[in-house]
Amino acid sequence: MAGAPGAAGQASPEQLAPEQPQQGVLASFLTNDQKCQLMLLKTLQTNPYVKLLLDAMKHSGCAVNRERHFSCEDCNGNVSGGFDASLSQIVLCQNNIRNQAHMNRVVTHELIHTFDHCRAHVDWFTNVRHLACSEIRAANLSGDCSLVNEIFRLRFGLKQHHQTCVRDRAILSILAVRNVSKEVAEKAVDEVFESCFNDHEPFGRIPHNKTYAKYAHRDFQNRHRYYSNI
């Protein structure tokens, strides 16, 4: 979730994942910060959603540096992460991110906010419609509303379920970082939903799983190779 300065440590759309915590002898000897850093490194190196977003950020002139743009911290409550627009930094809640799959989703979600921050003049702090648009995009493109995640939440099988999930999670995200009523959050999401839900950049499609994300990354690379050769 995108938030005001310091808000990343208070609230995020990414709540605790349903999977079990990481197990193993090595993990038991590592601090939360060390586990967070190791999981982050693996996500940046291997996750196809994240690799595409990193390429897109670099292409847009906003290259991401792991030491500068990510911070592993302890957070209050059930928060998993957030984007601090004032610092252009992603906060990862090391005490709440339980496993690699959860880290993958949190980093992807927050990188979508970072990408939006790079490519557009987003008024995160005073324009709730701008925030709503980025939350819609993050929920839509990050895998937050994948079938597997929704099954774990015991919510599936509804008509147009993906759209419903995206809308609901965008509203929850706004309420988590803004002192506004549910009605205001719902109104903001509904006003921008169609255009923002259909904005699939930089993926070019909704990446419903890692295979889709790999294809999207390949197409993104080919697209820019083509334009660079014109």
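# A tour of the predicted model

Of the 230 residues in this protein, 47% count as buried. The model is a predicted one. Colour the chain by secondary structure to begin: the protein has 10 helices and 4 strands. Read from the N terminus, the elements come in the order β-α-α-α-α-β-β-β-α-α-α-α-α-α.

**Stop 1**

The structure holds 3 aromatic pairs. Select phenylalanine 83 and tryptophan 124 and show their rings. The ring centres are 5.8 Å apart and the planes meet at 70°, so this pair is edge-to-face.

**Stop 1: a stacked pair within one helix**

Go on to phenylalanine 193 and phenylalanine 197. These two form a stacked aromatic pair, with 5.2 Å from centre to centre and 15° between the planes. Both lie in helix H9 (residues 182-197), and because they are 4 residues apart there, about one helical turn separates them. Phenylalanine 193 and phenylalanine 197 are both buried.

**Stop 2**

Asparagine 127 has 25% relative accessibility, so it counts as partly exposed.

**Stop 3: salt bridges**

There are 12 salt bridges in the structure. Select arginine 167 and aspartate 190, whose side chains meet in one of them at 2.7 Å, N to O. Arginine 167 lies in helix H8 (residues 161-177) and aspartate 190 in helix H9, so this bridge ties together parts that are 23 residues apart in sequence. Arginine 167 is partly exposed, with a relative accessible area of 25%. Aspartate 190 is also partly exposed, at 43%.

Next, select arginine 66 and glutamate 67. Their side chains form a salt bridge with an N to O distance of 3.4 Å. Arginine 66 counts as partly exposed, at 28%.

Then move to arginine 218 and aspartate 219. In this salt bridge the closest N and O atoms are 3.4 Å apart. Arginine 218 is partly exposed, with a relative accessible area of 42%, and aspartate 219 is partly exposed at 28%.

To finish this stop, select Asp116, Arg119, Arg137 and Asp199 together. These four residues are linked in a network of salt bridges.

**Stop 4: a patch of positive charge**

Which residues gather in a patch of positive charge on the surface? Select Lys42, Lys51, Lys210 and Lys214 to see the patch. Of these, lysine 210 is found in helix H10 (residues 210-229). At 45% relative accessibility, lysine 210 counts as partly exposed.

**Stop 5: two backbone details**

For the last stop, show the backbone. Most residues other than glycine have a negative phi, and most peptide bonds are trans. Two places in this chain can be set beside that rule.

Where is serine 88 found? Serine 88 is in the loop between S3 and strand S4 (89-93). Its phi is near 50°, a positive value in a residue that is not glycine. With a relative accessible area of 24%, serine 88 is partly exposed.

The other place is the step from glutamate 201 to proline 202. The peptide bond there is cis, with omega near 0°. Proline 202 has its place in the loop between H9 and H10. The tour ends here.

Methods
Residues numbered from 1 in each chain as written. Predicted model: local features only at pLDDT ≥ 70, side-chain atom pairs only at ≥ 80, totals over all residues. Heavy atoms only, no water. Patch = residues over 30% accessible without salt bridge, like charges linked within 9 Å, V, L, I, M, F, W, Y side chains within 5 Å. Areas by Shrake-Rupley, 256 points an atom, 1.4 Å probe, with all protein chains shown as cover. Lys, Arg positive; Asp, Glu negative; His and termini not counted. Charge placed at Lys NZ, Arg CZ, Asp CG, Glu CD. Helix = DSSP H or I, 4+ residues; strand = E, 2+ residues; numbered from the N terminus. Buried < 20%, exposed > 50% of the residue type's maximum accessible area, 1.4 Å probe, protein only. Phe/Tyr/Trp six-rings, centres within 6.5 Å; stacked < 30°, edge-to-face > 60°.
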